[in-house]
Amino acid sequence: MSVLRPLDKQPGLNTATILLVGTEDALLQQLADSMLKEDCASELKVHLARSLPLPSNMNRPRIDLIMFVVNLHSKYSLRNVEESLRHVDATFFLGKVGFLATGAGRESHCSVHRSTVVRLARTYRSPLLFCDPEVDGFRVPVAQRLVRMLQICAGHVPGVSALNLLSLLRSSENPTLEDL
Amino acid sequence: GGGEGEPPQVAGAQAARPEDRLTLLLRLRAQTKQQLLEYKSMVDATEEKSPEQILQDKQVEAKIEDLENEIEEVKIAFEMKKLALDRMQLSTALKKNLEKNNPRTSVLMDNMKHILKLNKLIMKSHQESWDLEEKLLDVRKKRLQLKQASESKLLEIQTEKNKQKDDLAVMENSDKIKAIQQNLQMEIQITTVIQHVFQNLILGSKANWAEDP
């Protein structure tokens, strides 16, 4: 049973690695391409995975950020993500995990309710981003955000740590009507 | 931040100009420092683990929120300290700058004098408005006191009037009753006298009532 732990290996020099976990390969690939196209001073490495646990025979670099991609159109992807969450060590959730929900633009096709993902993100105390990768205008800003988050989680931005970023992002998720 | 507009192929070994190399080295240095900090804090965190296992769900939530609030407070304290330090540094730099330049003719001095003047004005206006508010408060208090005094006086007047009325009524009643009683008694006496006179008349006339009506 291999559990992903942060900071368990030495970081590569000037390298930042992100792991995208999701069931839709094409989507992950699109995101990965957009991210790699971004102009960034550090070297980016994008790993794609359908689900965790990852095969332990590979020699892979230290993972700095895990983004769980949930497609709101398919309940299977949500279940897949929930399953994979169990293979992640608790210390990862101090800012190095995020959730990305896609397909929120087409309400009619959504079989997973938006509040489910919101609750999931709140339970795990991690930031939630929304993205519609078919629309080109959305993809680039999301990729930029991801790159920035990745840089911070990898420790490439002096003065800002992943936990710091987490508490910065938290202020936007103030009590909703569900809580009151 | 990270995006410095450097071409992404910096990692490759090329005949780079010394400035590019230096920037790269400095950046890598900053990176490594930050990463070292992260590892250190991780080590510190795992050292002070307090294993209170099996907390209830609600308790865990509350504990998490407490810890998050702690983080926020620490961040705020740190920012304040940094701000204070920056201010001190700024003021010393300013002082040194002023000592170097001719202090009479710089725009900075004019600005500062203006700032001081405005500050004095602000403080004076604050003080004035404070005094006015105090006066207003005093006037209101006095008005309230006067109102209360007049209220009590009116109340007194009313009770006095009521008492007077009551007394008068009682007295009148007793007066009337006495008068009535006196009259009654007089009437009774008169009637008694008349009765006696009649009786004596009848006896004196020696007439026989029964025979001669």
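A salt bridge is a side-chain nitrogen of Lys or Arg within 4 Å of a carboxyl oxygen of Asp or Glu. Keep that in mind for the views below, which come from a predicted model.

**View 1. A:Arg62 and A:Asp64 form a buried salt bridge.**

**View 2. A:Arg50 reaches A:Asp25 in helix α1 of chain A.** Here the closest N and O atoms of the salt bridge are 3.1 Å apart. A:Arg50 sits in the loop between β2 and β3 (65-71) of chain A, while A:Asp25 belongs to helix α1, so the pair ties together parts that are 25 residues apart in sequence. Both partners are partly exposed: A:Arg50 has a relative accessible area of 48%, and A:Asp25 has 42%.

**View 3. Strand β1 of chain A is buried on both faces.** Look at residues 15-21 of chain A: seven of the seven are buried, so the strand is largely enclosed by the rest of the structure. On one side you will find A:Thr15, A:Thr17, A:Leu19 and A:Val21, and on the other A:Ala16, A:Ile18 and A:Leu20. Which strand is joined to β1(A) by seven bridges? The partner is β2 (residues 43-49) of chain A, and the two strands run parallel. One pair to look for is A:Ile18 with its bridge partner A:Val46.

**View 4. A:Ser42 makes side-chain polar contacts with A:Gln151 and A:His156.** A:Ser42 lies in the loop between α1 (25-37) and β2 of chain A. Its relative accessible area is 6%, so A:Ser42 counts as buried. The side chain of A:Ser42 makes a polar contact of 3.3 Å with the side chain of A:Gln151 and another, of 2.9 Å, with the side chain of A:His156. Leaving aside neighbours within four places in sequence, the residues in contact with A:Ser42 also include A:Asn14 and, from the other chain, B:Arg27 and B:Gln31.

View 5. The rule finds three salt bridges across the interface, and one to look at is A:Lys96 with B:Glu38, at 3.7 Å from N to O. There are also 10 residue pairs in polar contact between the chains.

**View 6. B:Glu160 and B:Lys163 pair within helix α3 of chain B.** The closest N and O atoms of this salt bridge are 4.0 Å apart. Both residues lie in the helix that spans residues 107-205, three residues apart, about one turn of the helix. B:Glu160 is partly exposed at 46% relative accessible area, and B:Lys163 is partly exposed at 49%.

How values were computed:
Residues numbered from 1 in each chain as written. Chains lettered and ligands numbered in written order. Predicted model: local features only at pLDDT ≥ 70, side-chain atom pairs only at ≥ 80, totals over all residues. Heavy atoms only, no water. Polar contact = N/O pair within 3.5 Å; in protein donor to acceptor, adjacent residues only side chain to side chain. Buried < 20%, exposed > 50% of the residue type's maximum accessible area, 1.4 Å probe, protein only. Helix = DSSP H or I, 4+ residues; strand = E, 2+ residues; numbered from the N terminus. Pairing = 2+ DSSP bridges. Contact = heavy atoms within 4.5 Å.
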